[in-house]
2 protein chains.
Amino acid sequence: MIFRQLFETDTSTYTYLLGCERTRRAVLIDPVDTEVAHYEELLRGLGLRLVYTLETHVHADHVTGASLLRERLNSKSVVHKDAGAGCADLLVTDGVPLQVGDLEFEVRHTPGHTAGCVSYVMSDRVFTGDALFIDGCGRTDFQQGDPGQLYDSIQRQLFSLPPDTLVYPGHDYHGNTVSTIGRERARNPRLGGGRSREEFIALMSALELDYPKYLDRALPANRACGRLPAASHG
Amino acid sequence: MIFRQLFETDTSTYTYLLGCERTRRAVLIDPVDTEVAHYEELLRGLGLRLVYTLETHVHADHVTGASLLRERLNSKSVVHKDAGAGCADLLVTDGVPLQVGDLEFEVRHTPGHTAGCVSYVMSDRVFTGDALFIDGCGRTDFQQGDPGQLYDSIQRQLFSLPPDTLVYPGHDYHGNTVSTIGRERARNPRLGGGRSREEFIALMSALELDYPKYLDRALPANRACGRLPAASHG
């Protein structure tokens with residue numbers, strides 16, 4: 001398997017490129033609109049054809065590259081049915097398997113950061129988006145965020161994976177690139193080490209976070225798969 | 001590829017089983033609820049694991065086996081986003097590729113019989129559901145049926161396929177099993193041989209068809225993927 005972890009510095013976003021060596025088919029997980037030219041160059045250099053862009057959720061901090069990639073490379077955008085992105089080509093739900101060449105993914109619904117969050121599980125790794133971060137988790141104070149739901153998602157859908165499963169998050173703000181389920185379950189300061197649901201809810205509810213700097217631009221654009229809807233006035 | 005064309009006699013419905021010989025993964029196209037035990041036996045006998053049930057549309061004449069198969073075999077139900085079946089696991093749109101083992105499908109949106117009709121295209125064959133029949137086509141007088149739209153779907157999305165593409169329809173009432181795109185384009189009495197859009201609309205509008213005998217039972221059940229919604233009264 002061809003694998004690249006790509007970092008967008010302005011919003012500390014991780015994008016993942018996965019390619020099948022046999023069929024030369026590929027997916028991008030959480031592509032960023034400003035990086036599309038770079039992805040195209042990378043795909044061309046590796047001799048890969050982009051089949052799907054897999055979104056872990058509708059992002060509040062950056063605009064997805066899904067629409068630009070669809071226009072340029074004829075890839076199809078994948079998102080959860082509850083994400084509120086009616087523009088997507090393929091709407092998924094919990095437990096659905098997806099295959100691209102020899103790459104195999106299972107969708108796990110992991111709401112709590114947003115209602116439509118999913119993680120994409122492969123045999124040895126999971127892409128957790130903004131549900132589970134390394135030593136942290138996504139915020140739960142907007143976009144139908146719900147700390148109790150996020151706790152349940154992480155405990156039931158992610159911490160139930162084998163402990164050596166690699167964790168690749170949607171962001172990191174401290175220079176970390178990868179963790180494991182075992183490590184996060186034991187040591188994640190927000191909800192590892194047996195921290196209770198009540199403790200987690202209290203902790204998340206006491207966070208005083210800044211208003212996301214790109215939210216007002218990113219949300220409507222991402223609900224349109226990265227394309228702002230046409231103005232309705234003449 | 002393992003391939004079986006299955007016929008349900010009460011409603012003259014064709015169901016298709018396709019299996020990948022290498023991975024032993026399979027799909028069923030348009031399974032019927034009363035035939036589920038037979039599908040299970042067939043899959044077991046062939047050593048196949050059912051991954052998806054692919055619906056060409058929400059049927060008015062029989063109840064889908066999708067939910068029963070999901071419960072028994074953990075398969076996932078696939079239907080078009082506009083079909084009005086919110087119960088489905090995977091909602092598709094025009095042009096989306098789907099892969100199961102070495103089986104590869106492309107979804108083509110072919111509305112006109114219903115708004116959410118699709119055909120599933122493989123390299124040498126197409127499953128046309130109730131859009132295109134052998135020497136006929138689906139009716140257009142209920143479920144947002146629209147003869148002009150059906151004409152456009154068939155001409156643009158199906159008759160544009162290579163002429164030797166095999167046509168496997170969702171029903172046949174006259175003992176036919178398979179045709180080709182070339183044959184239907186040349187000789188389909190409703191819209192082959194260059195028949196115009198206006199002629200087709202006039203022909204379809206003049207049909208006086210019986211009310212489908214199972215419509216009142218089949219439609220609500222199929223909108224729930226084969227499971228009738230629980231009664232809302234106490």
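A polar contact here is a pair of N or O atoms within 3.5 Å; within protein, one must be able to donate a hydrogen and the other to accept it, and residues adjacent in sequence count only if both atoms are side-chain atoms. With that in hand, welcome to a set of close-ups of a predicted model.

**View 1. Polar contacts and salt bridges link chain A to chain B.** Between the two chains there are 13 residue pairs in polar contact, with both partners at pLDDT 80 or more. The salt bridges between chain A and chain B number two. One of them brings together the side chains of A:Glu104 and B:Arg25, at 3.1 Å from N to O. On the side of chain A that touches chain B, β4 (49-54), β6 and β7 (97-100) of chain A each supply at least two residues. The largest share of that side, four residues, is from β7(A).

**View 2. The interface draws on 24 residues from chain A and 24 residues from chain B.** Together the chains bury about 1700 Å², and carbon and sulfur atoms account for 42% of it. Which residues of chain A lose the most area to chain B? They are A:Lys81, A:Leu91 and A:Gln99, together giving 30% of what that side buries. The copies meet through the same surface, because 100% of the interface residues of chain A are also interface residues in chain B.

**View 3. Chain A and chain B superpose by a rotation of 180°.** The shift along the axis is 0.0 Å, and the RMSD is 0.0 Å. The two copies are therefore related as by a two-fold rotation axis. Look for A:Leu91 here: within chain A, its C-alpha is the one nearest the axis, at 2.5 Å.

**View 4. A disulfide joins A:Cys87 to A:Cys225 in chain A.** The S to S distance is 2.2 Å, and the link is right-handed, with 85° about the S-S bond. A:Cys87 sits in the loop between β5 (76-80) and β6 (90-92) of chain A, while A:Cys225 is in the segment after α6 (215-223) of chain A, so the pair ties together parts that are 138 residues apart in sequence. Are the two ends buried or exposed? A:Cys87 is partly exposed at 22% relative accessibility, whereas A:Cys225 is buried at 5%.

**View 5. B:Cys87 and B:Cys225 form a disulfide in chain B.** Their sulfur atoms are 2.2 Å apart. This link is right-handed, with 85° about the S-S bond. Over all chains, the count of disulfides is two. B:Cys87 has a relative accessible area of 24% and is partly exposed, while B:Cys225 is buried at 5%.

**View 6. A:Cys137 is in no disulfide.** The nearest cysteine sulfur belongs to A:Cys117 and is 11 Å away. A:Cys137 is buried, at 4% relative accessibility. For B:Cys20, the closest cysteine sulfur is in A:Cys20, and that distance of 14 Å is too far for a bond. B:Cys20 is buried as well, with a relative accessible area of 2%.

**View 7. Helix α2 (residues 66-73) of chain B has buried residues at B:Ala66, B:Ser67, B:Leu68 and B:Leu69.** What do the buried residues of α2(B) pack against? Their partners in chain B are β3 (25-29), α1 (36-46), β4 (49-54) and β5 (76-80). Just after α2(B), B:Asn74 adopts a positive phi of about 60°.

Conventions. Residues are numbered from 1 along each chain as its sequence is written. Chains are lettered from A and ligands numbered from 1 in the order in which they are written. This is a predicted model: local features need pLDDT of at least 70, side-chain atom pairs count only at pLDDT 80 or more; totals for chains, interfaces and linings use all residues. Side-chain values use heavy atoms; hydrogens and water are left out. Buried means under 20% relative accessible area, exposed over 50%, partly exposed in between (1.4 Å probe, protein chains only). Contact means heavy atoms within 4.5 Å. Copies are superposed by least squares on the C-alpha atoms of residues with pLDDT of at least 70 in both. A disulfide is a pair of cysteine sulfur atoms within 2.5 Å. Buried area is the accessible area (1.4 Å probe) that two parts lose on being put together, summed over both. A salt bridge is a side-chain nitrogen of Lys or Arg within 4 Å of a carboxyl oxygen of Asp or Glu.
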